[in-house]
Amino acid sequence: MAMVISSVHATLFARASFFCQSNGLRIFRSCLPFSSSAASVSNHNLSLKKWRQPVLSVLDIGGVKISREDVVRDDPTNNVPDNIFSKLGVQLHRRDHHPLGILKNAIYEYFDTNYSNKFDKFDDLCPIVSVKENFDDVLVPEDHVSRSYNDTYYVDPQTVLRCHTSAHQAELLRSGYTNFLVTGDVYRRDSIDSTHYPVFHQMEGLRVLSPEDWETSGMDATLFAATDLKKCLEGLASHLFGAVEMRWVDTYFPFTNPSFELEIYFKEKWLEVLGCGVTEQEILKRNGKPNNVAWAFGLGLERLAMVLFDIPDIRLFWSNDERFTSQFSRGQLGAKFKPFSKYPPCYKDMSFWISESFTENNLCEVVRGIAGDLVEEVQLIDNFTNKKGMTSHCYRIAYRSMERSLTDEEINDLQWKVREQVENKLNVVLR
Ligand code: DAH
């Protein structure tokens, strides 16, 4: 049985969505399973692939075996590291006792109740998609920052790990689905702190409207869609957060026009909940719906779950420690997480002269590749350019385990490896 929703790490505090704001700049900044009603859709010739948990180094996608070597290759057109390969197929959002699964189910419940089970739910579509699906089909401009190797994991020049669940919009539309929710793991190269992790989970929703829906309303199609969208999402926010104050903020996404973000006033702060808008007509035209309008949204599950369950660090979602996992159960939205203890952090500073090709995302990949989830934050603490035009950066790395105290010895060992690889791989000169 499939399930739904997502975003923007992009949106809640986790990360600014790459797609919001205007183009080129760091914008933002989100298998076939199908529910029973989905089965009635005529076109079954989908390339939507059924997703299976990887077995050791081989993944099974819709019966097709994908080995580690297909996804992680020593080749300049590939930037997928082993620690990312190991997350493929884990599908935290499909665990009913996990905060992400609990949240997903709460959102399903809202849609099932308010739309009489009309929304088809997908939660096991394969995260390995084409560049066309991830970007072209949703009108992401050729020069958009999200397409860069610095921001997205490329398997090869035509294939990526999806960076948002919007990657599935076009194909589902073409396959005849008109009300759907897609939940899935999404992948982005990014900085490291308590709200950013290179794998997170999004839910996407899309609803197609027909002339008979808006003709009697006295509104034009776009206004009707925007009004319907806002009503739906305000209801969803109340379902999840209770009676909270809300506001709509105009924004930009390549795939919608107009585009909005919904914010709620929660714990004395405005919190971005999701991105949404009226689907660009071009997307509908290209995918067999030229006479309709549609609305869509995307939301980040971690971002919302961190707030709803009081989870202080995004790495906890991946923890198998019973002291974390035993605190959540099916259907219990908003059970408050009780920290089992806070182990001391250890800080290590590292300074180097950068080269033109240096990026913080590349540094973070190196650190994560060595320290995994023992790294809590990588922060630029000093930055200057000398008279000769050489630029120096000093980064502070915070190491902290969620589960135990770390020894000086193991941290020193990690830091030495980090220094060595930073120098060898990033073309910088340590100071
Ligand atoms: N794909 C966007 C992101 O990852 C989120 C999003 C925004 C999805 C607006 C949508 C939408 O469907 O209409 O940041």
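Which side chain does a polar contact of 3.5 Å join to that of Asn-292? Here are my notes, with the answer in the second point.

1. A word on the basis. This is a predicted model, in which local features need pLDDT of at least 70, side-chain atom pairs count only at pLDDT 80 or more, and totals for chains, interfaces and linings use all residues. Residues are numbered from 1 along each chain as its sequence is written, and side-chain values use heavy atoms, with hydrogens and water left out.

2. Asn-292 sits in the loop between helix H8 (281-286) and strand E12 (293-300); helices (H or I, at least four residues) and strands (E, at least two) are DSSP runs numbered from the N terminus. The partner asked about above is Ser-210, whose side chain makes the 3.5 Å polar contact with that of Asn-292. A polar contact here is a pair of N or O atoms within 3.5 Å; within protein, one must be able to donate a hydrogen and the other to accept it, and residues adjacent in sequence count only if both atoms are side-chain atoms. A polar atom of the Asn-292 side chain also lies 3.0 Å from the backbone oxygen of Leu-209.

3. Is Asn-292 buried or exposed? Its relative accessible area is 15%, so Asn-292 counts as buried (buried is under 20% relative accessible area, exposed over 50%, partly exposed in between, with a 1.4 Å probe and protein chains only). Not counting residues up to four places away in sequence, Asn-292 touches Val-208, Leu-209, Ser-210, Trp-214, Gln-281 and Leu-284, where contact means heavy atoms within 4.5 Å.

4. Do look at Asn-134 as well, which lies in helix H4 (residues 131-134). Asn-134 counts as buried because its relative accessibility is 0%. A polar atom of the Asn-134 side chain is 3.0 Å from the backbone nitrogen of Cys-163. Beyond four places in sequence, the contacts of Asn-134 include Val-129, Val-140, His-164 and Ala-167.

5. Strand E9 (residues 245-253) is antiparallel to E10, with eight bridges joining them, and the two form a hairpin with two residues between them. Arg-247 stands opposite Glu-263 in E10. On to strand E11 (residues 269-279): nine bridges join E10 to E11, again antiparallel, and Phe-260 has Cys-276 in E11 as its bridge partner. E10 and E11 also form a hairpin with two residues between them, and Lys-267 in the turn has a positive phi of about 50°. Strand E10 (residues 256-266) is mostly covered, with eight of its 11 residues buried.

6. The open sheet has four strands in the order E14-E15-E13-E16, with antiparallel pairing (two strands pair if DSSP finds at least two bridges between them). Strand E14 (375-385) and strand E16 (429-430) are the edges, each pairing on one side only. Two bridges link strand E13 (residues 346-353) to E16, and Trp-353 stands opposite Val-429 in E16. Helix H11 (residues 360-371) packs on the sheet, touching E13, E14 and strand E15 (391-399), and its direction makes about 145° with that of E14. Helix H12 (residues 408-426) packs on the sheet too, touching E13, E15 and E16, at about 20° to the direction of E13. Axes are lines fitted to C-alpha atoms, for helices over the stretch in contact, and angles run from 0 to 180 degrees between N-to-C directions.

7. Finally, helix H9 (residues 301-308) has eight of its eight residues buried, among them Glu-302 and Arg-303. Asp-310, which follows H9, has a positive phi near 60°.
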